[in-house]
Amino acid sequence: ALTSEILGEARDDEGTSVRVGRLEGGAADSLARRLADAWVLIADGHHRYESALAYREKRRVEGRDDAGTLLVYLCSLEDPGLRIFPIHRLVHSLPSFDAARLRGLLAGMFSLTRIDDPGALRAALAARRGRAGVFGLALKGEAGFLLAEWREGAGLDRPEMASIPKSLRALDVVLLHRLIIEGMLGISAEALARQTHLDYVKDDREWLGRLRQDSVDLGILMNATRIEQVIEVTRSGSRLPQKSTYFYPKVPSGLVLDPLDPRSPSKARGG
């Protein structure tokens, strides 16, 4: 069990409290045995994991097999405190943007409903959280919003969707990026990776405020990716697209440290 003594405690700017204790006796070994055969999902940090593997191989090439472990934070996928929030999109600075043309293209794959109030848009989006391909849209030059609801199966035969694994085809981010952003707006995957014409916003109030900027052509309000979708995609061997999830709460950096190349205090001070 954890010691009665708490080694550290902190509260972040969002009000999340964190306490750090130490596993004593056989508790650490018992936990390691229980997790030995467990399936682990890297929810946030696959770049760090890949960097750790590269660093381990670099050390081995140098004749030092001392980087075979790395720090991780493990959390049950069933923990009631674990949340996934959406990441909204703002398309901006397109050389040419025609709202009427986009609306016509959308009508071929989505049912469109005009909504005037942002609160009503949020409510309509939330009510359809379990359905694939539902977005709140704000088009430059047009008053109000559109609730866009994908007609299931529409556009799956398009070239943009040809290489998408089955487990990914019903993800909102895939339908949005492939069918709308790439297929209708003509923004390439390379441009998306560079974020040339795309900004990501985590707060819907910030999203709403930024719609007033002249450079914003299209705003997309999204529902969150569901945890069962994350599990299905990763268990199938695929990786979720960029900016699919915002896991919360975040683990503060610096709670614990693992020196990669420990040195004595005198050497660390340059002595």
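Select helix α4, residues 118-127: helix α4 lies across β5, β6 (134-139), β7 and β9 (216-221), and runs at about 10° to β7. Helices (H or I, at least four residues) and strands (E, at least two) are DSSP runs, numbered from the N terminus. Axes are lines fitted to C-alpha atoms, for helices over the stretch in contact, and angles run from 0 to 180 degrees between N-to-C directions.

This is a predicted model, in which local features need pLDDT of at least 70 and side-chain atom pairs count only at pLDDT 80 or more, while totals for chains, interfaces and linings use all residues. Residues are numbered from 1 along each chain as its sequence is written, and side-chain values use heavy atoms, with hydrogens and water left out.

Next select helix α5, residues 172-182. Helix α5 packs on the sheet and touches β4 (88-92), β5, β6, β7, β8 and β9 (contact means heavy atoms within 4.5 Å). The direction of α5 makes about 40° with that of β6.

Now show the strands. The open sheet has six, in the order β5-β7-β6-β9-β4-β8, with antiparallel pairing (two strands pair if DSSP finds at least two bridges between them).

Ile115 stands opposite Phe145 in β7.

Finish at Thr225, in the loop between β9 and α8 (227-235). Thr225 counts as buried because its relative accessibility is 9% (buried means under 20% relative accessible area, with a 1.4 Å probe and protein chains only). The side chain of Thr225 reaches the backbone oxygen of Ser244 at 2.9 Å.

Key. Buried means under 20% relative accessible area, exposed over 50%, partly exposed in between (1.4 Å probe, protein chains only). A polar contact is a pair of N or O atoms within 3.5 Å; within protein, one must be able to donate a hydrogen and the other to accept it, and residues adjacent in sequence count only if both atoms are side-chain atoms.
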